[in-house]
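Please read the following notes alongside the sequence and the model.

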Amino acid sequence: MAGGWLYVVVEAPTGVFYQQQYGGTACRQGQVEGYLVPVFGPDALDALRTLFEQHFRSAGTWHHSWTAQERDRLRDAVEGITFWACDGQTEEPHTLKLDENRMADADEAWIPVLTPDGPGVLLWCNSD
C-alpha cells in the first residue's frame, strides 16, 4: 500500500470476505464482505496517518468520543480520496464520504465510508 494507495471494500453480498488488522497497537480484527476497490490519495493517506499515528499515538480509538475537530480532520482526509464509479458505460470520479452514522467503528486503517456504490470500509496498512 505504499505510494498513496488505499482500498475500499464496498459492502455487497459477494461471498468474499476481507479481513484486516486495524486500530494501531490495539490490534483489532475486522471482517467485511464485499468487493475491493483500489483508490489513490497520497495526501489523504498522509493526513490519516498523522491523525492516527501521531494524534492518537497508534493506540486506536476503541470507545473514543470523537471531538468536533478530530471528526473534521477525519472527514477532510476521507473527502480527499477519489472513488471512480462506472455505470457500465461511463466512468466518473466521486468523493468518498465519511459514514458518520458508523463513527463508533472508525479506527486506524478501518474507516466506514459511503461510496456511489453503497457503504464500505476504507483500509490501509495498520501502523502496528
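1. Cys125 has a relative accessible area of 47% and is therefore partly exposed (buried means under 20% relative accessible area, exposed over 50%, partly exposed in between, with a 1.4 Å probe and protein chains only). The sulfur of Cys125 lies 14 Å from the closest cysteine sulfur, that of Cys27, which is too far for a bond.

2. A word on the source: this is a predicted model, in which local features need pLDDT of at least 70 and side-chain atom pairs count only at pLDDT 80 or more, while totals for chains, interfaces and linings use all residues. Residues are numbered from 1 along each chain as its sequence is written, and side-chain values use heavy atoms, with hydrogens and water left out.

3. How many disulfides does a search of the whole structure find? The search finds zero, where a disulfide is a pair of cysteine sulfur atoms within 2.5 Å. In general, a disulfide is a covalent bond between the sulfur atoms of two cysteines. Seen from Cys27, the closest cysteine sulfur is that of Cys125, at 14 Å, so the gap is too far for a bond.

4. With a relative accessibility of 32%, Cys27 counts as partly exposed. Its phi is near 50°, a positive value in a residue other than glycine.

5. Ser127 is 100 residues away along the chain, yet the C-alpha atoms of Cys27 and Ser127 are separated by 9.7 Å. Leaving aside residues up to four places away in sequence, Cys27 touches Gln21, Tyr22 and Asp128 (contact means heavy atoms within 4.5 Å).

6. Ser58 also has a positive phi in a residue other than glycine, near 60°. Ser58 belongs to the loop between α1 (42-55) and α2 (68-78). Is Ser58 buried or exposed? Its relative accessibility is 14%, so Ser58 counts as buried.

7. Thr115 is part of strand β7, residues 111-115. Thr115 counts as buried because its relative accessibility is 11%. Beyond residues up to four places away in sequence, Thr115 touches Val8, Val10, Phe83 and Leu96. One of these, Phe83, is 32 residues from Thr115 along the chain, with 7.2 Å between the two C-alpha atoms.

8. Turning to the whole chain, there are two helices and eight strands. Their order along the sequence is β-β-β-α-α-β-β-β-β-β. The radius of gyration is 14 Å, close to the 14 Å that the globule rule gives for 128 residues, so the chain is as compact as a globular protein of that length (the radius is taken over C-alpha atoms, and the rule is 2.2 Å times the number of residues to the power 0.38). The C-alpha trace spans about 45 × 30 × 30 Å along its principal axes.

9. Of the 128 residues in the chain, 41% are buried. Among contacts with a separation of 6 or more, 56% join residues 24 or more positions apart.

10. Side-chain charges come to 8 positive and 19 negative, and the centres of the two sets are 8 Å apart. Here Lys and Arg count as positive and Asp and Glu as negative, with His and the chain ends not counted; each charge is placed at NZ of Lys, CZ of Arg, CG of Asp or CD of Glu.

Definitions and conventions
Helix = DSSP H or I, 4+ residues; strand = E, 2+ residues; numbered from the N terminus.
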